[in-house]
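I set out to record what I looked up in this structure, entry by entry. The sequence and the model come first, and my notes follow.

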Amino acid sequence: MTRLVLARLNHETNSFSPVKTPLAAFAPKWGGEAQAAAGNYPAAIGAFHAFARRIGAEIEVPLVAHAMPSGPVEDDAFEAMAQAILAAVEKGCDGILLDLHGAMVTRSHDDGEGELLRRIRAAAPGVPIGVALDLHGNITQAMLDHCDVIVGFKTYPHVDMVETGEHVARLFEPLLYGAPRPAMALCHPPMLAATLCMNTTTDCAMADLIALARQAEARPGVQAVTVFGGFPISDLAETGLSIVSVADTPELAREVARELGREAWRRRAEYVYAEEPLPQSIARAAALADGSAPVLLLDHGDNCMSGGSCDVMDVLEELLAAGHDGIMVGPIADPQTVARLFAAGEGAEAEIALGNKTPAEGLPAPRPPLRLKGRVAALSDGRYRVAGPIYHGQELSMGRAAAFDTGVARIVICEQPHEPLDLGCFACLGLDAARARFLHLKSRMYCRPVFEPLAKAVVECASSGVTASDYQLFAFKKLARPIYPLDLGTTWHD
Ligand SMILES: [Zn+2]
């Protein structure tokens with residue numbers, strides 16, 4: 001009987017994020033629990049599981065693990081998870097299917113996936129390995145060298161995770177029965193593409209390039225073509241946009257990858273996010289605000305879901321400096337201030353030094369904390385049940401939380417970075433976010449399903465946090481230079 005090992009290990013690493021990534025951040029499921037989780041999982045691992053069942057394989061799932069974007073993965077976490085997969089592989093198997101990200105950096109390995117695949121291939125030489133990756137993967141030659149098939153998502157927001165797994169399984173299946181290995185090629189023009197320029201639901205260069213990839217997949221002999229946008233703030237030599245093709249011959253794989261690489265490079269200026277200066281964004285928000293519904297101010301420089309510390313005060317500071325009121329903000333992660341407000345007690349007047357307390361290596365030092373006078377309006381354990389569509393029905397916790405009222409701004413301050421997925425993070429402190437004139441959130445994408453429908457308008461705001469779109473702010477150590485647009489004179493002749 002065919003024996004397959006399936007696993008999911010998924011992390012998008014922001015090398016500059018001060019948010020730690022220990023094993024617990026992955027909430028890893030092992031063995032039987034992982035096996036149970038893999039069936040119907042709404043990502044590539046679910047498709048792998050369905051495929052393995054369809055062919056009547058004996059299935060082992062040693063690991064299903066996913067962590068939110070944050071800093072480099074701790075070594076003991078990576079070793080424990082890699083070891084679980086290796087132990088299953090070393091028992092002997094006929095094939096391996098992996099649901100990975102492609103932008104995982106660990107404390108000791110810049111190319112987390114490349115290292116994992118290298119170990120797996122060494123443990124099972126000759127055994128076919130199929131890999132599904134995220135569109136934001138930074139692809140390395142090591143990844144290609146140590147597996148047989150790579151396919152990545154073609155959508156962002158990612159709505160084709162299962163389809164991508166199915167695509168991998170389709171190309172992988174013949175390998176189980178001795179078909180020749182396909183050829184893979186990587187083309188990596190020296191360019192960083194901004195995450196905010198990759199939204200494939202909009203009319204943009206990225207969407208056009210992915211359309212070309214789909215067309216190329218229809219050519220005889222071409223098995224898969226993926227445009228990887230890359231994750232720019234994951235600092236390794238190979239960071240950036242790349243194309244990976246899978247084809248019957250090395251010549252064809254190379255030709256297709258280069259063709260798309262050249263097209264990406266030709267339109268490189270369209271992958272640079274034109275950042276609006278913050279004072280302009282605030283002025284634009286003020287012009288839109290008529291009090292009928294909140295104007296959303298989304299801080300894309302300190303975005304929780306990309307490893308932001310959620311304590312950068314630039315946007316609030318600018319709002320206050322411009323003399324606005326009716327402001328609601330949250331959640332700001334500042335455990336010191338939470339402790340101080342709990343000590344003061346509900347109803348107490350307090351003076352606080354808020355945020356700007358999380359220095360990040362490779363970025364300018366934070367500005368001084370924001371000094372504010374106000375009243376402790378409410379205290380809470382920071383738990384609430386989600387009424388919105390993402391994680392519907394689940395109870396979430398942001399650590400202990402306080403509502404601080406300065407008269408012109410009401411601010412949710414909590415102990416942990418927390419994505420505002422739902423109104424509950426305000427309501428658990430008695431605040432009605434829908435009544436704010438300006439609603440400032442540490443989010444750029446995942447708050448939208450709940451907050452956008454109740455907003456008057458959305459204004460994206462730049463700040464100096466670790467998820468800034470101005471990549472000139474970051475002191476990259478590993479990134480291969482020159483690279484466009486950091487080095488504007490970069491040339492490339494493939
Ligand atoms: Zn992604």
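**Entry 1: Domains**

I looked up the domain assignment of the protein chain, which gives domain 1 (3–271) and domain 2 (278–468); such bounds come from an automatic or database domain assignment. I noted that this is a predicted model, in which local features need pLDDT of at least 70 and side-chain atom pairs count only at pLDDT 80 or more, while totals for chains, interfaces and linings use all residues. Residues are numbered from 1 along each chain as its sequence is written.

I found the C-alpha centres of domain 1 and domain 2 to be 34 Å apart. I then looked up contacts, where two residues count if their C-beta atoms, placed from the backbone, lie within 7 Å. By this rule, 12 residues of domain 1 are in contact with 14 residues of domain 2. On the side of domain 1 that touches domain 2, I recorded eight nonpolar, four polar and no charged residues. Here Ala, Val, Leu, Ile, Met, Phe, Trp, Tyr, Cys and Pro count as nonpolar, Asp, Glu, Lys and Arg as charged, and the others, Gly among them, as polar.

**Entry 2: Helix α7**

I took helices (H or I, at least four residues) and strands (E, at least two) as DSSP runs, numbered from the N terminus. Helix α7 (residues 205–217) has 13 residues and should span 18 Å at 1.5 Å a residue; the end C-alpha atoms are 19 Å apart, which agrees. The expected span is 1.5 Å times one less than the number of residues.

Which residues of α7 are buried? I listed M206, L209, I210, A213 and A216. A residue is buried if 20 or more other C-beta atoms lie within 10 Å of its own, exposed if 12 or fewer, and partly exposed in between, with C-beta atoms placed from the backbone. Seen down the axis of α7, the buried residues fall within an arc of 110 degrees, so they line one face of the helix; the arc is that of the directions from the helix axis to the C-beta atoms. In general, an α-helix has 3.6 residues a turn, so residues three or four places apart point the same way. I saw that the buried residues of α7 pack against β8 (222–228) and α8 (250–266). The face turned away from the buried side carries the exposed residues R214 and Q215.

**Entry 3: Nonpolar cores**

A nonpolar core is a set of buried Ala, Val, Leu, Ile, Met, Phe, Trp, Tyr and Cys residues joined through C-beta atoms within 7 Å. The largest has 103 residues, of which L6, V131, I150 and L260 touch the most other members. Helix α3 (residues 75–90) gives the most to this core, with eight residues. Leaving aside neighbours within four places in sequence, I found I150 in contact with residues including V131, M184 and V246. A second, separate core of 55 residues includes A285, V295, V338 and C414.

**Entry 4: Backbone in the loops**

I noted a cis peptide bond from Y156 to P157, with omega near 0 degrees. P157 is in the loop between β6 (149–152) and α6 (161–176).

Phi of N40 is near 65 degrees, a positive value in a residue other than glycine. N40 counts as exposed because it has 11 C-beta neighbours inside 10 Å. Phi of C310 is also positive, near 60 degrees. Is C310 buried or exposed? C310 counts as buried, with 27 C-beta neighbours inside 10 Å.
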